[in-house]
Amino acid sequence: MVRGYLARKVLKSFKSSSAKQRSFASDVYAEAKKLFDPIFYLEHNPDVANSKFDPFEHYIEYGWRENRNPNADFSTSFYLSTHPDVAASGQCPLLHYVRYGLAEQRVVAGAHYTEDRLRDIGQKAPTIIPSYLAAELRASFDESYYVRQISETIIGDPLQHYLDFGWRKGARPTQKFDAMDYLEFNPDVKTSGIHPFIHYVGAGKKEQRICLNDLKPIRNAILNATTAEKKSENWRKNGNIAAIGADALFHKLNRQMPSVRFGLVVSMSHDNYLESTGGIQIYLADEQAAFNFVGWCHLHISPVHPLPGFSSETDPQKFLIQVNLNGKSVGVTNIDSLAIAVRNIRPTYADGVKYIIHSLIGTNPEIASSFADTSGVGDVFFFVHDFSALCSNFTLLRNDGEFCNAPAINSNSCDTCVYREERRYYLARFENYFNTFKPTMVFPSQIASKFWNQHSPFSYRTENVVCEHASLIELGQNKNNFGSAEAKEQPLRLRIAFVGAPVRHKGWNEFERLVLDAKTLELADFYLFSRELPVYMPQCIRHVPVNVSGDDRSAMVTALKSESIDIVFMWSLCFETFSFVTLEAIAAGCFVLGRAASGNVGHFIKRYNSGRAFDTMDDLFEYISGAEIMTDIANHKAQKPNEFCIQPSDKVAKVVVG
């Protein structure tokens with residue numbers, strides 16, 4: 001995806017193509033151009049950015065025929081499918097909308113909605129407010145609350161805007177009413193074609209119909225919960241991949257390895273850290289650098305086909321892996337061929353070969369055991385980045401709902417969970433693995449080590465080693481105004497951000513709830529800093545694309561600073577064993593509002609005195625509704641005069657090398 005700043009540069013370099021004769025008047029063409037968002041178009045269509053086409057002319061001539069969207073609030077495919085007469089006419093939908101559709105009050109929808117979801121919403125929204133309900137509709141409509149949710153400038157009557165467009169984009173007319181929830185709980189209203197808000201004000205309120213479901217995210221998660229094995233079925237890829245044989249791999253590794261060899265570490269994880277991004281992937285890049293610094297070779301292996309759960313393939317000759325040596329791709333082989341190659345190359349290393357398992361997601365204990373047995377590696381280290389060894393659902397969310405604390409397998413708590421039988425099966429396999437190889441157990445935080453000691457059902461016990469992924473170091477005086485008299489003043493409007501993947505177990509739904517609260521909407525602007533967008537996002541949230549990688553470790557810290565973010569919201573539903581995101585937020589000078597039960601999040605907040613942790617969202621809302629939050633932010637800025645940077649840890653290399 002082309003980033004916004006790059007898109008602007010590209011725009012300046014475009015050479016406008018010769019416009020064809022159009023049947024529309026020039027003023028219509030000009031009005032359509034005002035609605036067209038070239039930055040949005042280029043960000044979502046990188047092929048156009050790489051061409052010499054003017055983006056607007058590309059859309060008018062070609063883009064709409066390819067179902068491309070001219071801006072975030074206009075879905076080409078929806079307009080054509082909803083208005084078949086427009087599709088039959090062969091007219092560009094945006095030009096038609098400007099010339100006819102706007103006056104005819106035709107329905108449009110945002111580009112982020114899928115056709116299936118829009119089709120499920122129901123009939124066209126009525127645009128005429130019934131005279132007998134006009135006064136009551138306006139009394140029920142919270143205009144200031146609605147306007148804060150909408151990203152664009154509303155021209156005309158906000159109530160009319162909501163009735164025509166806003167409800168389809170997920171905006172609410174009041175904090176206590178959601179049109180989508182109302183239609184879901186009242187299918188007769190959906191069938192009738194009456195606008196949900198008009199129906200609610202006219203009849204539904206008196207009938208005490210359900211109009212808001214704050215529990216919808218957890219309800220949907222529980223209803224859709226399925227085993228990790230079932231989830232993995234949808235991830236598996238077909239097709240043959242050429243694999244390097246044991247002899248060829250041995251010679252290839254031998255050529256790429258240095259002539260002077262101290263030691264070799266084989267590091268296994270759930271995916272290729274050279275291609276994927278995330279906390280473990282960044283740590284693996286740091287681990288590789290740490291081993292290379294002390295003269296050791298770093299051989300990383302991961303399943304060719306990453307999965308959300310454990311693999312059912314236990315034949316080492318069929319299980320394919322991607323192999324990387326010292327940060328460079330070697331190729332694809334099977335686990336048996338790699339084990340043979342490592343066994344043959346092992347005598348050339350004076351300090352031997354060590355084995356670190358970072359994750360068995362995508363693989364399984366039998367594959368890991370087969371490699372260790374055949375290769376003859378020395379010491380084995382098992383790094384607990386998550387709790388996949390305690391349950392096939394590594395988040396430990398019972399039925400994908402709430403955190404379960406890894407109860408006993410025969411407990412009533414576990415008995416009600418869809419993962420129970422799968423968990424029982426894998427606990428037995430991990431029990432055998434740990435007792436056979438007796439690995440050194442490594443944890444990214446003291447709190448993760450403590451949780452494991454309290455909840456591990458395994459008979460194997462050993463002294464745990466704690467190797468934090470990273471820590472903060474002070475660099476000196478902050479270039480911002482932290483510590484100055486100006487910093488002690490309370491901000492007029494807060495900037496609150498969600499950082500990282502916008503998924504449920506990381507607290508995205510709770511962030512949406514925060515965003516749609518009337519009080520927080522009044523005092524704050526909201527941001528999402530991530531590489532990916534969620535399926536749906538309230539319009540009042542601004543997305544800032546960020547991609548943190550081993551080559552650009554400070555990308556998130558830089559982005560948070562550049563947008564002057566005051567608060568980072570960290571409400572992970574699972575137990576964070578480390579939390580790079582929290583460390584990045586603190587390094588950027590942000591005040592962190594977190595969930596006390598989110599593992600290492602609360603520990604970082606307390607350790608660096610950079611935020612507050614709460615037991616419940618109600619406690620958080622009570623805090624935000626008071627004046628204390630503004631004072632805390634002002635004091636935080638005044639008391640944090642130094643710059644911080646994230647210092648990667650090399651402790652695991654020291655532990656392994658000895």
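A: In what follows, helices and strands are DSSP runs numbered from the N terminus, a helix having at least four residues (H or I) and a strand at least two (E). The model is a predicted one. With that numbering, Lys438 falls in the loop between helix H23 (420–437) and strand S9 (440–443). Its relative accessibility is 53%, and because the cut-off for exposed is over 50%, Lys438 counts as exposed. The backbone of Lys438 has a phi near 45°, which is a positive value in a residue other than glycine. Most residues other than glycine have a negative phi. Another positive phi, near 50°, is found at Ala406, a residue of the loop between strand S8 (402–403) and helix H22 (412–415). Ala406, however, counts as buried, since its relative accessibility is 6%.

The charged pairs come next. Side chains of opposite charge can pair when their charged atoms come close. Across the whole structure, 25 salt bridges are found. One of them joins Lys354 to Asp379, with 3.6 Å between the closest N and O atoms. This pair links distant parts of the chain, 25 residues apart, with Lys354 in strand S5 (residues 353–357) and Asp379 in the loop between helix H21 (365–375) and strand S6 (380–383). Lys354 counts as buried because its relative accessibility is 11%, whereas Asp379, at 42%, counts as partly exposed.

A salt bridge also holds between Arg493 and Asp525, whose closest N and O atoms are 2.8 Å apart. Here too distant parts of the chain are linked, 32 residues apart: Arg493 belongs to the loop between strand S11 (470–477) and strand S12 (494–499), and Asp525 to strand S13 (residues 524–530). Arg493 has a relative accessible area of 33% and is therefore partly exposed, and Asp525, with 31%, is also partly exposed.

Arg542 and Glu563 form a further salt bridge, in which the closest N and O atoms are 2.8 Å apart. Arg542 is in strand S14 (residues 541–545), while Glu563 is in the loop between helix H27 (555–562) and strand S15 (567–570), so that the pair, 21 residues apart, links distant parts of the chain. In this pair Arg542 counts as partly exposed at 41% relative accessibility, and Glu563 is buried, because its relative accessible area is 13%. Besides these pairs there is a network of salt bridges, in which Asp415, Arg420, Glu421 and Arg424 are linked.

Asp54 is buried yet has no salt bridge, and the nearest side chain of opposite charge, that of Lys33, is 4.9 Å away; a salt bridge needs the nitrogen and the carboxyl oxygen within 4 Å. Asp54 is a residue of the loop between helix H4 (46–49) and helix H5 (55–61). Polar atoms of its side chain lie 3.0 Å from the backbone nitrogen of Phe56 and 3.1 Å from the backbone nitrogen of Glu57.

In soluble globular proteins, nonpolar side chains tend to be buried together. The largest nonpolar core here has 95 residues, of which Tyr355, Phe382, Phe434, Trp452, Phe511 and Leu620 touch the most other members. A second, separate core has 48 residues, including Ala470, Tyr527, Phe529 and Ala585. Phe511, once neighbours within four places in sequence are left aside, is in contact with Ile496, Ala497, Phe498, Phe526, Tyr527, Ile541 and Phe569.

Cys92 counts as buried because its relative accessibility is 4%, and Cys467 counts as buried at 1%. The structure holds zero disulfides.

Finally, Phe185 is found in helix H13 (residues 179–185), and its relative accessible area of 30% makes it partly exposed. Apart from neighbours within four places in sequence, Phe185 is in contact with Ile210 and Asn213. Between the C-alpha atoms of Phe185 and Leu212 the distance is 9.1 Å, although these two residues are 27 residues apart in sequence.

Terms used
Residues numbered from 1 in each chain as written. Predicted model: local features only at pLDDT ≥ 70, side-chain atom pairs only at ≥ 80, totals over all residues. Heavy atoms only, no water. Buried < 20%, exposed > 50% of the residue type's maximum accessible area, 1.4 Å probe, protein only. Lys, Arg positive; Asp, Glu negative; His and termini not counted. Polar contact = N/O pair within 3.5 Å; in protein donor to acceptor, adjacent residues only side chain to side chain. Core = buried A, V, L, I, M, F, W, Y, C linked by side-chain atoms within 4.5 Å. Contact = heavy atoms within 4.5 Å. Disulfide = S-S within 2.5 Å.
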